[in-house]
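Please read them with the display open.

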6 protein chains.
Amino acid sequence: MAPSSPRPSGRAPGEMREVVLEPDCAKHAEGSCLARFGETYVLCTATIEDSVPRFVKGSGRGWVTAEYGMLPRSTHRRTDREAARGRQTGRTLEIQRLIGRSLRAATDAAAMGERQVRIDCDVLQADGGTRTAAITGGFVALHRAFSGLVELGVLPEVPLLPGHVAAVSCGLYGGAAVIDLDYAEDSAAQADANFVMTGDGAIVEIQATAEQAPFAAEAFGEMFALAQTGIADLVARQKAALGTG
Amino acid sequence: MAPSSPRPSGRAPGEMREVVLEPDCAKHAEGSCLARFGETYVLCTATIEDSVPRFVKGSGRGWVTAEYGMLPRSTHRRTDREAARGRQTGRTLEIQRLIGRSLRAATDAAAMGERQVRIDCDVLQADGGTRTAAITGGFVALHRAFSGLVELGVLPEVPLLPGHVAAVSCGLYGGAAVIDLDYAEDSAAQADANFVMTGDGAIVEIQATAEQAPFAAEAFGEMFALAQTGIADLVARQKAALGTG
Amino acid sequence: MAPSSPRPSGRAPGEMREVVLEPDCAKHAEGSCLARFGETYVLCTATIEDSVPRFVKGSGRGWVTAEYGMLPRSTHRRTDREAARGRQTGRTLEIQRLIGRSLRAATDAAAMGERQVRIDCDVLQADGGTRTAAITGGFVALHRAFSGLVELGVLPEVPLLPGHVAAVSCGLYGGAAVIDLDYAEDSAAQADANFVMTGDGAIVEIQATAEQAPFAAEAFGEMFALAQTGIADLVARQKAALGTG
Amino acid sequence: MAPSSPRPSGRAPGEMREVVLEPDCAKHAEGSCLARFGETYVLCTATIEDSVPRFVKGSGRGWVTAEYGMLPRSTHRRTDREAARGRQTGRTLEIQRLIGRSLRAATDAAAMGERQVRIDCDVLQADGGTRTAAITGGFVALHRAFSGLVELGVLPEVPLLPGHVAAVSCGLYGGAAVIDLDYAEDSAAQADANFVMTGDGAIVEIQATAEQAPFAAEAFGEMFALAQTGIADLVARQKAALGTG
Amino acid sequence: MAPSSPRPSGRAPGEMREVVLEPDCAKHAEGSCLARFGETYVLCTATIEDSVPRFVKGSGRGWVTAEYGMLPRSTHRRTDREAARGRQTGRTLEIQRLIGRSLRAATDAAAMGERQVRIDCDVLQADGGTRTAAITGGFVALHRAFSGLVELGVLPEVPLLPGHVAAVSCGLYGGAAVIDLDYAEDSAAQADANFVMTGDGAIVEIQATAEQAPFAAEAFGEMFALAQTGIADLVARQKAALGTG
Amino acid sequence: MAPSSPRPSGRAPGEMREVVLEPDCAKHAEGSCLARFGETYVLCTATIEDSVPRFVKGSGRGWVTAEYGMLPRSTHRRTDREAARGRQTGRTLEIQRLIGRSLRAATDAAAMGERQVRIDCDVLQADGGTRTAAITGGFVALHRAFSGLVELGVLPEVPLLPGHVAAVSCGLYGGAAVIDLDYAEDSAAQADANFVMTGDGAIVEIQATAEQAPFAAEAFGEMFALAQTGIADLVARQKAALGTG
């Protein structure tokens with residue numbers, strides 16, 4: 001965190017970009033949220049379905065799953081349309097599996113009943129941190145969909161962790177731990193880590209990767225500390241947007 | 001056009017929905033336009049590429065192509081993600097072929113030079129008329145991308161028809177010809193027609209389909225007349241948005 | 001229609017190629033027709049199936065669908081085999097959707113009962129106009145299949161429009177409207193239009209496309225007039241072949 | 001060959017169906033042959049291509065390859081269209097590999113020069129024995145294509161085995177060896193064998209399969225003897241059709 | 001079999017490589033066998049499944065099927081992973097169809113009951129003859145799986161041919177018939193033949209292919225004679241491994 | 001780590017299963033290693049290729065990539081063959097991306113020269129921890145392949161981290177942190193974490209996932225401590241196997 005390695009964005013190491021969570025932005029979906037982290041925009045929608053995957057059928061338990069996509073020109077250079085290529089990339093599958101696991105960990109599967117909620121996270125514009133924006137906004141969309149079921153009297157209460165779940169990226173940039181990397185930082189970072197946690201600091205998922213040389217345990221600790229603060233801030237924004245605070 | 005068959009929207013037969021064309025809405029694309037026809041939102045981006053398809057290579061001529069997609073929950077009921085299904089539907093391919101043909105007909109392939117422009121049209125929210133919104137907005141995105149090349153001195157002028165190209169749907173609803181159908185009208189129409197034309201009434205493409213019984217030539221004529229007026233209005237909006245009026 | 005722009009084939013503008021419709025040409029199919037338009041040969045078969053698509057199941061209504069294919073060397077230069085490529089092209093899907101829509105518009109879905117008829121249209125040799133030959137011959141194959149059900153006492157009468165449905169292409173060639181383009185004309189035409197109509201002139205589907213510059217409404221009108229005459233002639237041939245005249 | 005097990009067709013054990021080989025039946029192909037074995041019709045076309053597969057490039061040698069397909073309603077019950085399913089079945093791949101190997105074994109790869117000939121064999125109507133009809137007709141189509149190159153002065157002579165190559169099926173039906181099985185026999189046979197040989201009895205390929213219990217070496221010998229006679233007859237017909245006799 | 005054409009391996013024409021059949025090598029499978037023919041290793045497992053293919057459902061009969069694969073670096077040069085390519089090659093499908101047919105011919109479908117056994121044959125290391133090793137080892141795996149059902153009292157006895165089924169390759173190398181070709185011989189052979197037979201010499205399947213010029217019936221006879229001896233030897237090894245001798 | 005929650009295997013919390021690394025086990029590969037962690041067997045091979053991916057071409061730098069697969073019956077219940085399904089699952093892609101990233105982080109891309117090494121990791125038998133066994137064995141296979149280049153004089157020394165890279169899984173089982181989970185533990189764990197590190201404790205990759213409820217940072221710390229010890233042990237075994245200690 002030396003003054004000699006300022007971030008391209010001019011932000012302090014622990015300073016996040018402007019975050020805006022806009023619930024109910026989609027006309028047709030049961031729940032939705034447009035998550036904006038700086039210049040990254042991810043549209044998250046929640047669809048409630050009666051049918052569940054075969055492996056939970058008859059269990060009385062529900063299932064939350066996620067799909068992720070990027071608009072072809074959400075990126076600096078155009079990315080090939082996966083529908084035209086005929087298959088989703090490994091990166092896409094990896095990210096949507098992460099989103100799904102994270103939101104399932106936030107959900108009380110027995111309390112939600114034998115139904116499925118499908119979270120679609122589509123990146124309208126990318127500037128780093130799309131997967132963490134997707135999880136943070138996806139939680140809001142899921143909460144709105146469950147709230148609708150509560151309003152209809154289908155569920156007694158929202159079957160989600162009261163502590164909420166959000167996600168943020170951290171990295172090592174210029175030798176220092178920084179939070180919420182934008183594309184310019186992300187593409188030059190020495191390490192990249194994504195933290196999915198609850199508002200009270202419990203871990204849902206951690207993925208940390210050396211981008212160049214292996215890095216020391218201390219650096220990991222610094223990123224973890226930044227993430228804890230950042231997640232608490234994101235959860236506060238979720239609560240404000242949802243009126244659950 | 002009998003008073004006994006009012007449109008669900010309350011609009012007059014020849015009355016379009018509110019149309020908004022917002023150019024330069026995408027941070028990364030060479031050209032872009034968010035086309036809004038009522039509650040239908042289509043994000044159109046233009047990407048300039050150096051490489052051209054094999055069949056024009058070495059000809060000194062350029063190529064314009066288009067891709068079309070819908071966000072899974074842009075629709076009333078969720079539509080399966082084509083990337084996950086592993087193939088684009090026939091409807092998608094048919095629409096993107098239409099968009100591509102329409103914009104190529106608007107372009108001077110020799111004047112644009114041996115490069116390709118790829119137009120991505122992604123439906124963020126659907127309420128009928130997505131393909132006509134895509135063509136109308138795609139023309140604006142293409143114009144903005146070409147204008148960028150003019151500003152850079154790469155092209156002497158924008159290699160597009162000065163009369164501009166726009167598209168609108170018409171239909172037979174309750175026995176009368178109406179323009180710019182929304183989803184409620186579209187799903188109950190007796191016929192459905194899409195017109196792609198220039199501002200001065202020349203035909204680029206017409207697709208008219210009986211949804212139930214075959215319909216008379218007179219009804220086709222009435223739809224055609226509505227379309228001519230509507231296209232002129234859309235071209236005026238394109239010119240206003242582009243400052244080309 | 002100036003004498004200065006004669007057609008490559010030497011035909012008059014409104015003169016069709018020799019058309020032959022040969023019903024019952026396929027040993028195994030419930031209905032069939034070999035449709036020959038000049039050097040274009042399309043083999044159309046109708047298969048009756050008990051199961052219907054999910055969206056009509058339980059409705060008491062039937063469904064007509066179509067598939068289209070070209071033998072690899074039906075064309076001047078060999079076309080890649082779609083089965084080997086692993087996907088049907090957009091052109092193929094677009095054509096088979098058109099055939100299916102056209103024949104459904106000709107069918108009384110309630111009267112045919114909850115069954116499906118699948119029309120396969122396979123191009124044995126191509127010389128322009130394969131989709132219009134497929135619709136014209138597909139109607140005959142469908143009629144023969146329904147007639148078989150009538151003979152078996154399953155249906156009281158053939159659930160098809162008594163006016164019959166046929167299709168023909170028109171185009172602008174050398175500035176004049178001409179009918180039933182062969183490959184040489186088709187590849188040099190200024191506009192290309194396909195008309196699907198009943199024998200009494202009602203419209204099932206119109207698709208008109210500028211191949212180069214946009215074209216005037218008058219030219220469209222001339223093509224439409226030629227099509228009306230041509231369709232009437234084709235329907236007469238269908239009736240002769242079917243013995244329904 | 002007991003009188004107590006007559007063939008459904010009433011043919012003698014060694015009696016083939018009517019065989020007709022019609023060369024030059026396809027307008028566009030460099031070589032073609034419609035091969036008819038009774039009610040089985042296979043259209044074989046030969047396409048000459050300049051580019052060769054990577055593994056022979058620069059060798060000065062050519063390559064012959066084959067593709068096989070069935071029209072969906074060539075069969076008693078409709079077969080799914082492979083292009084729509086998105087992949088060729090194992091049976092199709094197995095058959096087209098057999099056709100390709102057989103015709104390559106008949107060709108002088110060095111003498112044909114560094115070009116590829118692609119043989120398309122499409123079954124218009126199936127009644128057993130489609131792969132043997134394809135090989136027998138494919139040889140004729142290949143010969144016609146090479147003859148065209150000889151006529152153009154590109155090749156000094158046809159680079160094919162002077163003994164010609166043909167194929168026939170044999171089987172065990174009702175305990176006796178029989179030749180050229182139709183569908184009714186084929187589906188009830190105890191063993192099925194396909195023989196690809198030259199007119200003078202040299203072996204190109206043999207595939208023999210027990211359909212129920214394993215069978216004795218003697219039965220194989222009887223089938224082999226029938227095949228030798230049948231192949232000689234087919235080669236005579238090839239020579240008559242080609243004028244090479 | 002002239003002394004002037006010794007085999008690369010130094011083996012006599014009728015001499016097989018060292019063959020080892022190791023049953024019960026896989027911890028999880030109901031039956032298994034590692035089949036080793038010299039440096040060729042094929043792992044064969046048998047999985048018993050309750051559900052059967054649609055075409056035998058309700059018949060009271062069972063079904064045996066097979067799948068085949070090669071590890072990417074089982075071969076001299078790396079072979080592309082089929083899972084990554086997205087489709088199995090024609091060679092793979094052809095081989096697994098052969099394995100399946102061979103083992104079905106060895107099975108009493110009625111006696112095995114309405115269940116399916118799936119034989120997976122995966123090549124860990126390839127040095128020629130992988131398909132014959134797969135059939136020989138697959139029979140052992142299948143026998144072990146059935147034996148397990150006998151031990152559980154589900155079946156009264158193993159529903160397989162008491163004569164056992166095994167497979168071996170023969171070829172023409174240096175003009176002479178030889179048995180059990182390794183890769184060095186296989187890639188230079190004039191003909192290649194695979195024989196699947198019972199221990200008492202009945203034929204299950206024969207596939208013989210000319211690799212260069214067509215070959216004489218006498219050469220086929222010599223290969224067949226070698227195969228008979230080799231199969232008898234392999235069946236003896238199967239019986240020793242299974243304790244069924 | 002309470003005595004009241006013993007592991008199913010009876011191992012102490014920090015006790016790994018028997019680990020065996022067998023280099024040079026594959027006849028054809030440039031480098032190989034059979035990695036055995038208890039009943040988990042993963043065959044790792046390294047293939048050296050001259051061509052590199054497009055994005056490093058001309059950079060003078062090399063690339064290491066990995067592919068992962070499971071034999072269908074390596075698992076308790078049979079897993080569908082990915083080659084037959086036509087696509088790799090998200091889990092497979094996620095794992096092979098992890099292996100590739102981990103081994104690239106261990107490699108000096110500039111020192112290895114512009115070539116590619118492809119690591120194939122195929123699970124012969126699975127009992128938990130296949131991805132960590134794959135990384136640990138993959139490093140050995142990669143080292144052997146590079147050593148071969150050193151022996152040939154192509155490279156001056158092995159371009160890998162002298163500290164070596166290995167991987168191990170940890171988890172929370174019965175409330176306590178444990179190392180190297182087998183399948184029985186893995187399927188009942190409260191959290192699952194995979195650590196990829198160097199012998200001297202630097203981090204290459206960490207992936208930690210809550211399997212049920214979110215877990216505390218302390219528990220993560222306990223798993224991390226176990227991993228450090230385990231990795232040191234694995235690296236010692238790598239050095240013993242490679243003779244690099």
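Predicted model: local features only at pLDDT ≥ 70, side-chain atom pairs only at ≥ 80, totals over all residues.

1. On cysteines: the count of disulfides over all chains is 0. In chain B, the sulfur of B:C121 has that of B:C44 as its closest cysteine sulfur, at 4.1 Å, which is too far for a bond because a disulfide needs the two sulfur atoms within 2.5 Å. B:C121 is buried, with a relative accessible area of 0%. D:C44 is likewise in no disulfide, and its nearest cysteine sulfur, in D:C121, lies 4.1 Å away. D:C44 also counts as buried, at 0% relative accessibility.

2. On the strands of chain A: strand 2, residues 31–37, is mostly covered, with 6 of its 7 residues buried. Strand 2 of chain A runs antiparallel to strand 1 (residues 19–23) of chain A, and 5 bridges join the two. Within this pairing, A:L21 is opposite A:A35 of strand 2.

3. Strand 2 of chain A is also antiparallel to strand 3 (residues 40–49) of chain A, through 7 bridges. Here A:C33 faces A:C44, which belongs to strand 3. Strands 2 and 3 of chain A make a hairpin with 2 residues between them, and A:G38 in the turn has a positive phi of about 60°.

4. On the contact between chains A and B: 36 residues of chain A and 36 residues of chain B take part. About 2,600 Å² is buried between the two chains, and carbon and sulfur atoms give 51% of that area. On the chain B side, B:H28, B:R73 and B:R81 lose the most area to chain A, together 29% of what that side buries.

5. What polar links does this contact hold? There are 22 residue pairs in polar contact between chain B and chain A, and the count of salt bridges between the two chains is 12. One of the salt bridges pairs B:R81 with A:D120, whose closest N and O atoms are 2.7 Å apart. On the side of chain B that touches chain A, strand 3 (40–49), strand 4 (63–70), helix 1 (82–85) and strand 5 (116–125) each give two or more residues. Strand 5 of chain B gives the largest share of that side, 6 residues.

6. A network of salt bridges links A:E49, A:E67, A:R118, A:D120, A:D122, B:R78, B:D80 and B:R81. Over all chains, the structure holds 126 salt bridges.

7. Within chain A, the side chains of A:E18 and A:R36 form a salt bridge at 3.3 Å, N to O. This pair links distant parts of the chain, 18 residues apart: A:E18 is in the segment before strand 1 of chain A and A:R36 in strand 2 of chain A. A:E18 is exposed, at 51% relative accessible area, whereas A:R36 is partly exposed, at 22%.

8. Two further salt bridges join chains. A:E94 meets F:R101 at 3.9 Å, N to O; A:E94 lies in helix 2 (residues 90–105) of chain A and F:R101 in helix 2 (residues 90–105) of chain F, so the pair joins two chains. A:E94 and F:R101 are both buried. D:E67 pairs with C:R78, with closest N and O atoms 3.1 Å apart. D:E67 belongs to strand 4 (residues 63–70) of chain D, and C:R78 to the loop between strand 4 (63–70) and helix 1 (82–85) of chain C, so this pair too joins two chains. Both D:E67 and C:R78 are buried.

Notes. Residues numbered from 1 in each chain as written. Chains lettered and ligands numbered in written order. Heavy atoms only, no water. Buried < 20%, exposed > 50% of the residue type's maximum accessible area, 1.4 Å probe, protein only. Helix = DSSP H or I, 4+ residues; strand = E, 2+ residues; numbered from the N terminus. Pairing = 2+ DSSP bridges. Contact = heavy atoms within 4.5 Å. Buried area = accessible area lost by both parts, 1.4 Å probe. Salt bridge = Lys/Arg side-chain N within 4 Å of Asp/Glu carboxyl O. Polar contact = N/O pair within 3.5 Å; in protein donor to acceptor, adjacent residues only side chain to side chain.
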